[in-house]
Amino acid sequence: MFQFMKKGGRVRMVVIGLLCLGIVVCFSGCQALGFYRQAIAGEYQILAHEKSISDLIADPKTPPKLKAKFEQVLKIRQFAAKELKLPADKAYLKYTDLHRPYVVWNVNVAPALSLEPKTWWFPVVGRASYRGYFSEEGARHYAAPWEKKGWDVYVDGVEAYSTLGWFSDPLLNTFIYEPEADLAELIFHELGHRRLYVNGDTDFNESYATTVAAEGLRRWFTASSNPKAYEEHQAAQAHDRQFVQLVMDARQELEAVYGDGRLSDAEKLRRKEEIIAKLRARYAAAKQTWGGETGYDHWFAEPINNAKLNTVSAYYELTPAFEALLRAQGGDMEKFYGAVAALGKLPIEKRHEALREYLKEKPPDKSH
């Protein structure tokens, strides 16, 4: 019976993959076909090699550290379903070791003198400001022509993603060993996408899921008997907020330069380099107050451009508005999801405008 059900699951996966490929055939050329073939093959590799975590916990050959992580995930899933009203369903009940550090590599592209990201259209999910590949080689091969055209390009390794409920997403070696806070935050974030996703609006979706994850983590640690871990996380969060603010400030300066019609393109490019150099200097100064933490050194170690800056804004630009929206619902997650869903039905410009209206709300009085 188990083998039959497992085989049936794989057949369903292939059928859905072929259906997506059929849709693409109708609307795309050879390059798109190649992209979707690798996407289907990549998803198949994940699902075809997954193993039940309950079986792995019972298996004496499973390393104790990995077993402990599986047991931790089971508690996180249960908390997500009960306290955050997230659809855990069968997600994260299986495990796949991909034997590589990232599950996908995203290609992000933007013009050299604009922060407006390049977007791509995909079946089911609509437009997105990134294009994912299951191999770094495939991602860099696609990115190369954009670089030759003079566009800003950033290839970013990603540890996890959500199939939005199409499949039961498994745990992966790419993130299973993350610290408790990071692991819980990641699972809350991805389950947030399973609960609600608005086609064609990357910034809205990622800021929403980031808000869900942050609220989930706050509640997780409040219910936890590990105050030290919460204190460490709060300190890390303060540094995260500082980093995000540095990036957002740089973006604001760049937008002013790019929109200045009095400047030549050559002058805009020169000022762009100055602003990025200033961003690096500001980070170096901020890091001096962090007690030796070097968490963002890897981000600054590589070139910084418009495409790379956009990957930060996608997750955080609208987050304060979502946090205000959650407060307006009294912290009630069901009401919050309902309000977000209602916003998702609006045209994108009106959606963002209506969301930002919540920033004008008076924050709650915390003195009582």
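This is a predicted model: local features need pLDDT of at least 70, side-chain atom pairs count only at pLDDT 80 or more; totals for chains, interfaces and linings use all residues.
Biologist: Which residues of helix α12 are buried?

Modeller: In α12, residues 319–328, they are T319, A321, F322, A324, L325 and L326. Helices are DSSP runs of H or I with at least four residues, strands are runs of E with at least two, and both are numbered from the N terminus.

Biologist: What do the buried residues of α12 pack against?

Modeller: They pack against α7 (202–223), α11 (306–316), α13 (333–344) and α14 (348–356). Contact means heavy atoms within 4.5 Å.

Biologist: Why is Y102 called partly exposed?

Modeller: Its relative accessible area is 32%. Buried means under 20%, exposed over 50%, and partly exposed in between, with a 1.4 Å probe and protein chains only; therefore Y102, at 32%, is partly exposed.

Biologist: What does Y102 touch, not counting residues up to four places away in sequence?

Modeller: Y102 touches G157, V158, E159 and T174. Y102 lies in the loop between β2 and β3 (104–110).

Biologist: How do you know that β2 pairs with β8?

Modeller: Two strands pair if DSSP finds at least two bridges between them. Strand β2 (residues 94–96) is joined to β8 by 2 bridges, so the two strands pair, and they run parallel. Y95 stands opposite L171 in β8.

How values were computed
Residues are numbered from 1 along each chain as its sequence is written. Side-chain values use heavy atoms; hydrogens and water are left out.
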